[in-house]
Structures are given as structure tokens and as C-alpha cells.
Amino acid sequence: MFKNKVWMITLVITLFGSVQASGRESLLKLLANNIKATADDAMCLDCHSGVADNTMNFIHYPAGAGACSYCHTAKPEHFGGDNPQGSVSINRKAENCYTCHERKDENPVLHGALADVDSCVNCHNPHSSNVRPLLRTETVPALCSTCHDISVQGKSQHGPVINGQTCLNCHTPHSGKHQKLLHKPAKDLCLACHNKEIQATLNGARTIPNIQKKLEMAGAHPGAAGSCLDCHKAHKSENNRLLTSPWSVKTYNTYAEQENPYSMCFTCHQTDMLKKTDFVSDTGFRNDTKKLNLHWFHVVDAAGSEDKSRGRSCKICHDPHGAPQAHDVNNTWFMNGNPIKIEYQLIDNGGQCTKSCHATRQYRREN
Ligand code: HEC
Ligand code: HEC
Ligand code: HEC
Ligand code: HEC
Ligand code: HEC
Ligand code: HEC
Ligand code: HEC
Ligand code: HEC
Ligand code: HEC
Ligand code: HEC
């Protein structure tokens with residue numbers, strides 16, 4: 001009889017997963033008929049009324065039904081009222097939870113928190129809680145913080161870590177198919193949100209562009225073809241824009257190799273591309289007729305300006321994710337909010353810029 005009851009409950013709970021909210025209610029009734037308090041159970045609440053505490057928002061179904069014996073066995077001497085040693089058992093084992101619930105440990109990446117046999121009750125209160133689903137803490141981050149030291153405050157912060165369901169936006173708490181318990185492989189996860197424009201508020205109000213779209217552009221940056229985590233952190237960063245290395249978000253900067261405002265780029269590229277001389281093999285952006293390195297000219301020499309703090313940022317011409325034109329060149333730049341068109345064309349051994357910051361200019365390489 002007992003075995004049948006457990007089987008029935010398992011079936012009903014498995015069904016819960018696939019039914020709509022309305023059907024769920026009638027199944028709960030069905031379940032209520034099957035989870036029953038024994039004669040002994042009926043006495044428990046006389047002395048332990050706090051267990052099915054009605055002031056809590058959520059009561060675990062079997063505790064609410066007074067069916068204490070699914071998890072406790074009391075010997076007669078327990079009813080004496082002084083709880084002698086060993087007079088009542090507490091079953092904390094995950095296997096006991098699994099008699100009613102679907103297994104939580106069957107995916108290949110198992111959360112370390114489920115490693116020990118008594119693990120479920122570290123996070124869930126077996127009786128009742130104010131927070132769904134029977135969590136032991138008021139918030140999810142507080143729950144995770146009981147074991148992890150995860151800091152989310154930094155120079156740049158990330159919306160989904162700070163707001164809403166937080167950790168659960170990206171991680172599954174039990175076991176999953178992907179590294180670090182992520183809902184999807186990291187890049188797919190990032191692009192599940194960054195496949196549209198987002199109004200940012202945390203680190204300066206602005207519209208964050210659709211990153212997915214940039215990755216698909218003709219001038220996609222090959223450096224963004226791998227993981228977003230090559231350049232970004234997920235929780236927070238001491239650099240701008242959650243980057244793994246320093247990066248100035250300003251469009252004009254003084255360039256110095258020691259205090260490089262564009263360090264992020266040079267975790268993969270070589271700063272030799274910005275040397276005034278001996279550059280020939282280091283960059284294709286050069287005018288051999290004038291023996292001029294055009295990367296040096298724009299970025300370091302500030303396009304010949306006296307004021308070297310007017311050095312052009314990489315991002316005026318390139319987008320770190322991808323741009324519409326060849327060599328990852330942008331087609332629009334905004335100067336004080338006004339759009340400036342950049343028309344870039346490839347020519348034999350070089351390129352040409354038309355009607356943009358300056359009149360049409362060409363550069364050619366000799367080899
Ligand atoms: C006559 C009163 C009384 C009844 C009835 C009673 N208990 Fe207890 N129970 C106690 C007392 C007293 C303690 C020890 C103090 C405490 O932990 O609250 C206790 C302790 C417990 C504990 C904690 C044991 C531990 O080792 O920490 C559990 C679990 C428990 N009871 C379950 C039950 C269950 C299940 C029932 C019904 C089958 C039940 N009790 C019936 C009085 C009672
Ligand atoms: C789903 C399993 C489950 C059910 C059902 C259940 N308990 Fe418990 N109970 C536990 C576990 C597990 C603990 C130990 C909690 C811990 O380690 O923090 C516990 C702890 C207790 C304690 C010790 C004090 C406390 O609150 O931690 C008492 C008393 C108790 N239960 C009484 C009851 C009574 C009375 C019922 C029925 C109304 C009941 N329990 C139903 C699993 C259950
Ligand atoms: C006797 C069967 C039974 C046992 C044993 C049992 N549960 Fe449950 N549990 C239920 C039922 C029934 C519900 C309510 C179903 C629902 O609303 O999805 C529930 C609900 C829950 C929920 C809330 C789900 C939600 O979506 O809000 C959690 C969490 C949970 N149980 C954890 C546990 C843990 C942890 C254990 C072991 C300590 C355990 N249960 C043991 C029957 C059981
Ligand atoms: C590290 C903390 C943690 C541990 C350990 C843990 N859970 Fe959970 N559990 C959660 C959180 C957080 C949620 C809410 C997930 C969500 O809303 O996406 C949850 C959700 C649930 C739910 C409801 C939704 C669902 O997935 O069915 C059940 C039932 C459940 N847990 C049972 C268990 C059982 C059984 C164990 C032990 C094998 C366990 N949990 C261990 C944190 C934990
Ligand atoms: C009861 C302790 C405990 C709680 C609570 C807990 N964890 Fe863990 N977590 C662990 C342990 C143990 C490991 C494995 C040790 C390690 O890899 O550092 C781990 C590892 C992880 C990992 C790395 C997995 C991997 O594959 O490298 C992630 C991600 C994680 N936890 C997220 C969470 C989130 C999110 C929460 C809150 C919902 C949470 N943890 C709550 C104990 C806990
Ligand atoms: C925007 C998605 C996202 C959110 C939200 C998020 N994480 Fe993570 N988390 C990640 C990614 C991606 C990694 C893997 C980082 C890596 O491998 O470099 C990770 C790694 C982890 C790890 C493994 C250790 C480490 O630092 O690499 C833990 C533990 C963890 N997260 C806990 C949490 C907790 C706790 C929260 C809530 C406060 C949270 N995460 C919120 C995406 C997220
Ligand atoms: C090669 C390094 C690199 C890679 C790889 C990369 N990013 Fe970025 N990302 C950057 C840089 C640099 C910035 C700052 C640009 C700026 O100053 O406007 C940035 C900014 C962002 C921003 C904020 C944009 C804004 O206007 O504020 C988002 C969102 C973003 N990246 C998402 C992603 C996603 C999602 C991926 C993976 C598909 C990814 N990034 C891969 C370097 C990279
Ligand atoms: C659940 C949705 C979601 C996921 C998943 C997500 N993001 Fe975000 N991201 C946002 C939102 C919303 C903002 C804007 C927050 C704000 O400023 O208000 C943001 C902002 C950013 C920013 C700009 C930070 C700044 O300095 O302002 C970067 C960079 C970024 N995300 C990268 C990533 C990367 C990399 C991943 C994958 C690890 C990722 N995002 C996953 C929603 C998401
Ligand atoms: C994770 C490594 C990585 C980082 C960081 C990185 N790149 Fe790249 N980048 C590449 C790779 C790989 C290529 C293709 C091979 C090459 O040209 O070196 C490339 C090529 C380029 C190209 C040439 C594209 C073409 O079609 O000719 C430009 C422009 C570029 N990167 C700009 C940047 C800028 C600007 C930054 C900093 C925001 C940056 N990169 C950071 C890996 C990276
Ligand atoms: C004034 C516009 C402009 C600026 C500013 C600029 N670039 Fe470029 N960059 C180009 C053009 C045009 C090319 C294509 C050269 C060719 O192959 O014809 C290019 C090519 C590249 C390449 C491919 C290899 C090479 O050197 O030819 C990389 C990598 C690169 N840029 C990185 C950067 C980085 C990093 C910055 C900032 C430190 C930067 N660029 C600033 C216009 C610019």
C-alpha cells in the first residue's frame with residue numbers, strides 16, 4: 001500500500017511539470033487524497049504547531065497535510081513530551097525527497113552543493129518558507145552567498161546580476177548540461193539577452209546596441225567569434241563595460257604604451273602597430289608613399305593636432321564586435337550626438353575614406 005502511494009505521488013508530481021495552472025489545481029487535490037497523515041502524525045502538531053506555521057507564505061505540501069511520517073519516525077517514548085535521546089528520527093536524505101520529486105542530479109554538470117547526501121535541506125526548508133520555492137533565505141543571492149563569496153559591486157555592474165531573479169537568470173541551482181551550471185553555453189546565454197537593443201541605466205544611461213546583429217555584419221571582428229568571456233566578465237568588473245582589461249569609453253584619449261587606454265585590444269594585438277617607424281610589417285593601415293603609419297597618426301599623434309589628448313579611439317573606426325564595412329570599419333560615427341558618415345572603400349593595396357571627418361583620402365601600401 002505505502003509503495004503504491006509513493007508511486008502514485010511520483011506520477012502525479014511528474015505530471016505537474018506538463019500541465020497548465022488550471023489542471024495543476026485538480027492534480028493537487030488528487031495528491032492531497034494520497035498524502036495522508038497517520039494516527040501518530042495527528043498528534044505531532046499538538047506539540048509542534050510551529051511546523052505548519054500559517055504565518056508563512058508557503059507550506060511544503062506534506063508538512064501542511066500533517067504527514068510528518070514521510071520524513072520522521074517517532075517512537076512511543078517521544079510522545080512523553082521530553083524527547084528522550086533517539087526517540088524521533090529526521091530523514092534529511094535527498095533520496096527521500098526523490099520518492100516524490102523528480103531527480104535533480106541527473107545532468108552531467110552537478111552543482112557541488114548537491115554532492116552530499118543531505119544536501120537539499122541546505123537550501124530548502126522542508127516545512128515552510130516565505131520565499132518560493134521553500135528557500136531558506138529571503139533572496140536568491142543571499143542563499144548563494146551562504147557558500148559563495150560572489151561580489152557584484154564594481155566599477156561596472158551587470159543588470160541581470162543586480163536585478164530580478166539575479167543568479168537564476170544565468171545559473172541553474174541543481175545540475176545542468178553546461179559548464180558553470182549555465183542555462184546555455186556562455187555565448188548563447190549572453191546573446192539570449194543581447195540580441196536586441198537594451199536601455200542601460202546602471203553605468204550611464206544609453207542605448208546598448210544589438211550585439212548579435214553586429215556579429216553578423218560584413219566586417220565582423222574575428223576576435224568576437226569566440227566566447228564573449230574572452231573580453232568580458234559576467235558578474236562585475238573593475239574596468240569599464242565589464243571588460244577583463246582596461247578600456248577607455250571616451251572617444252579621445254592620450255595614448256601611452258605604459259598607460260594604454262586601449263589595453264583590452266592588446267591582450268591579442270601587438271602595440272607595434274602603433275609605432276611611428278618600423279611599422280611596415282605591423283599594420284596594413286599605412287601610406288607607404290608618405291611613409292606614414294595611419295594608426296600612429298590617428299591614435300597616437302592625434303591626427304597631427306597639437307593637443308595629444310585628442311588621440312582618436314579605436315572605436316571611432318572599429319567596433320569591438322563587428323561593423324558593416326570591410327576591416328571592421330564603422331559606417332557612422334557620432335560627434336556630439338551628430339551622425340558622421342564614414343564611407344570606406346578598398347582600393348588596390350590600400351583603402352579610401354570619403355566624406356567623413358575629412359575630405360576623401362587614400363592610402364596605399366607598396367607590398
Ligand atoms: C507531547 C509533545 C510532543 C509530541 C506529541 C511530539 N513531539 Fe516531537 N518533540 C517534543 C519535544 C519536547 C521535543 C524537543 C524540543 C524541541 O526540539 O522542540 C521534540 C523534538 C522533536 C524533533 C527534533 C528532534 C531532534 O533530534 O532535534 C522532531 C523531528 C520531532 N520532535 C518530531 C515529532 C513528530 C514527527 C511527532 C509526531 C509523530 C512529534 N514530534 C510529536 C515534543 C513532542
Ligand atoms: C519533507 C520531509 C519532512 C516533513 C514532511 C516534515 N519534516 Fe520535520 N524536518 C525535516 C527535516 C529534513 C528536518 C531537519 C531540518 C534541518 O536540518 O534544518 C526537520 C526538522 C523538524 C523538527 C526540528 C526543529 C526544526 O523545525 O528544525 C521538528 C520539530 C519537526 N521537523 C517536526 C515535524 C512535524 C511535526 C511534521 C509534520 C507536521 C514534519 N516535521 C514534517 C523534514 C520533514
Ligand atoms: C510525500 C511527498 C513529498 C516528499 C517526501 C517531499 N516533497 Fe516536496 N513537495 C511535495 C508536494 C506535493 C509539493 C507541492 C507540489 C507543487 O506545488 O509543485 C512539494 C513542493 C516542494 C517544493 C516547492 C516547489 C515549488 O515549485 O514551489 C520544494 C522546493 C520541495 N517540495 C522540496 C522538497 C525537498 C527538499 C524534499 C526532501 C527534504 C521534499 N520536497 C520531499 C511532496 C513531497
Ligand atoms: C544550492 C541550493 C539548492 C540545493 C542544494 C537544492 N536546491 Fe532545489 N532549488 C533551489 C533554487 C534556487 C530553486 C529555484 C529555481 C528556479 O526558480 O529556477 C530550486 C527549485 C527546486 C524545486 C522546484 C522547481 C523544480 O526544479 O522542480 C524543487 C522541487 C527542488 N528545488 C527540489 C530540490 C531537491 C529535491 C534537492 C536535493 C536533491 C534540492 N532542490 C537541492 C536551490 C537548491
Ligand atoms: C550549501 C553550499 C552551496 C550553496 C548554498 C550554493 N553553492 Fe554553488 N557550489 C557549492 C560547491 C561546494 C561547489 C563546488 C566547489 C567549487 O567548484 O568551487 C559549487 C559550485 C558552484 C558553481 C561552479 C560550478 C562549476 O561547474 O564550476 C556555480 C556556478 C555555483 N556553485 C553557483 C551557485 C548559485 C547560483 C547558488 C545559489 C542558487 C549556489 N551556487 C549556492 C556550494 C554551494
Ligand atoms: C549574466 C549571467 C550571470 C548571472 C546573472 C550570474 N552569473 Fe555566475 N557566472 C556566469 C558566467 C558566464 C560564469 C562563468 C565565468 C567564467 O567561466 O569566466 C559564472 C561563474 C560563476 C561561479 C563560478 C566561479 C566563478 O566566479 O567563476 C559562481 C560560483 C557563480 N557564477 C555564482 C553566481 C551567483 C551567486 C550569482 C548571483 C549573485 C551569479 N553567479 C549570477 C554568469 C552569470
Ligand atoms: C574582443 C573583445 C570583445 C569581445 C570578444 C566581446 N566584446 Fe563586448 N565589448 C568590448 C568592448 C571593448 C566594449 C566597449 C565598447 C565601447 O566603449 O563602447 C564592449 C561593449 C559591450 C557591451 C556594451 C555596449 C555599450 O554600448 O555599452 C555589450 C552589451 C557587450 N559588449 C556584449 C558582448 C557580448 C554579448 C559578447 C559575445 C557575443 C561580446 N560583447 C564580446 C569587447 C568585446
Ligand atoms: C538576462 C539578460 C542578460 C544576460 C543573460 C546577459 N546580459 Fe548583459 N546586460 C543585460 C542588461 C539588462 C544590461 C543593462 C543593464 C543596465 O545598465 O541597466 C546589460 C549590460 C551589459 C553590458 C554593459 C555593462 C556596462 O558597463 O554598462 C555588457 C558589457 C554586457 N551586458 C555583457 C554581457 C555578457 C558578456 C553576457 C554573457 C556572459 C551578458 N551580458 C548576459 C542583460 C543581460
Ligand atoms: C580575443 C582576442 C582579440 C582581442 C581582445 C581583440 N582582437 Fe581584434 N582580432 C582578433 C583576431 C584573431 C583577428 C583576426 C586576425 C588578425 O587580423 O590579427 C582580429 C582582427 C582585428 C581587426 C581586423 C579585421 C579585418 O577584417 O581585417 C581589427 C580592426 C581588430 N581586430 C580590432 C580590434 C580592436 C579595436 C580591439 C579592441 C577593442 C581588438 N581587436 C581586440 C582577436 C582579438
Ligand atoms: C581612423 C580610423 C582608425 C582608427 C582610429 C583605428 N583603426 Fe585600426 N584600422 C583602420 C583601417 C582603415 C584598417 C584597415 C587597414 C588595411 O588593411 O587596409 C585597420 C586595421 C586594423 C587591424 C588589422 C591589422 C592592421 O593593423 O592592419 C587591427 C588589428 C586594428 N586596425 C586595430 C586597431 C586598434 C586596436 C585601434 C586603436 C588602438 C585602431 N585600430 C584604430 C582604421 C582605424
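**Note on the predicted three-domain model**

1. The protein is divided into domain 1 (35-136), domain 2 (159-244) and domain 3 (248-367); these bounds come from an automatic or database domain assignment. Between the centres of domain 1 and domain 3, taken over C-alpha atoms, the separation is 65 Å.

2. Conventions. This is a predicted model, in which local features need pLDDT of at least 70 and side-chain atom pairs count only at pLDDT 80 or more, while totals for chains, interfaces and linings use all residues. Residues are numbered from 1 along each chain as its sequence is written, and chains are lettered from A and ligands numbered from 1 in the order in which they are written.

3. Ligand 1. There are 17 residues around ligand 1, and Cys-44, Cys-47, His-72, Gly-81 and Asn-83 come nearest. A residue is counted as near a molecule or strand if its C-beta atom, placed from the backbone, lies within 6 Å of it. Two or more residues of this shell come from each of α3 (41-47), β2 (72-74) and β3 (88-90). Helices (H or I, at least four residues) and strands (E, at least two) are DSSP runs, numbered from the N terminus. The most is given by α3, with five residues. By class, the shell around ligand 1 has eight nonpolar, five polar and four charged residues. In this scheme Ala, Val, Leu, Ile, Met, Phe, Trp, Tyr, Cys and Pro count as nonpolar, Asp, Glu, Lys and Arg as charged, and the others, Gly among them, as polar.

4. Ligand 4. The residues around ligand 4 number 16, with Cys-97, Ala-113, Cys-120, Cys-123 and Pro-173 coming nearest. Both α5 (94-98) and α6 (120-123) supply at least two residues of the shell, and α6 gives the most, with three residues. The shell around ligand 4 is made of ten nonpolar, five polar and one charged residues. Domain 1 (35-136) and domain 2 (159-244) each provide at least three residues to the shell around ligand 4.

5. Ligand 6. Surrounding ligand 6 are 19 residues, of which Cys-144, Ile-150, Cys-167, Cys-170 and Ala-234 are the closest. The elements giving two or more residues to this shell are α7 (140-145) and α8 (159-162). Its classes are twelve nonpolar, six polar and one charged residues.

6. Nonpolar core. The largest nonpolar core has 16 residues, and Leu-243, Tyr-262 and Met-264 have the most contacts inside it. At least two residues of this core are supplied by each of α9 (186-193) and α12 (314-317). The core also draws at least three residues from each of domain 2 (159-244) and domain 3 (248-367). Such a core is a set of buried Ala, Val, Leu, Ile, Met, Phe, Trp, Tyr and Cys residues joined through C-beta atoms within 7 Å. A residue is buried if 20 or more other C-beta atoms lie within 10 Å of its own, exposed if 12 or fewer, and partly exposed in between, with C-beta atoms placed from the backbone.

7. Sheet. β19, β20 and β21 form an open sheet of three strands in the order β19-β20-β21, with antiparallel pairing. β19 (343-347) and β21 (361-364) are at the edges with a single partner strand each, so one side of each is left without a neighbour in the sheet. Direction ignored, neighbouring strands of this sheet are turned by 15 degrees against each other on average; axes are lines fitted to C-alpha atoms, for helices over the stretch in contact, and angles run from 0 to 180 degrees between N-to-C directions. Two strands pair if DSSP finds at least two bridges between them.

8. Strand pairs. Five bridges join β19 to β20 (residues 350-354), and Tyr-344 stands opposite Cys-353 in β20. β20 and β21 pair over four bridges, with Gln-352 opposite Gln-362 in β21. The hairpin of β20 and β21 has six residues between the strands, and in it Lys-355 takes a positive phi near 40 degrees.

9. Backbone points to check. Most residues other than glycine have a negative phi, and most peptide bonds are trans. The bond from Arg-132 to Pro-133 is cis, with omega near -15 degrees; Pro-133 is in the loop between β5 (128-129) and α7. His-327 has a positive phi of about 55 degrees and lies in the loop between β16 (322-323) and β17 (332-335). With 14 other C-beta atoms within 10 Å, His-327 is partly exposed. Asn-336 has a positive phi near 50 degrees and lies in the loop between β17 and β18 (338-341). Asn-336 is exposed, with 5 other C-beta atoms within 10 Å.
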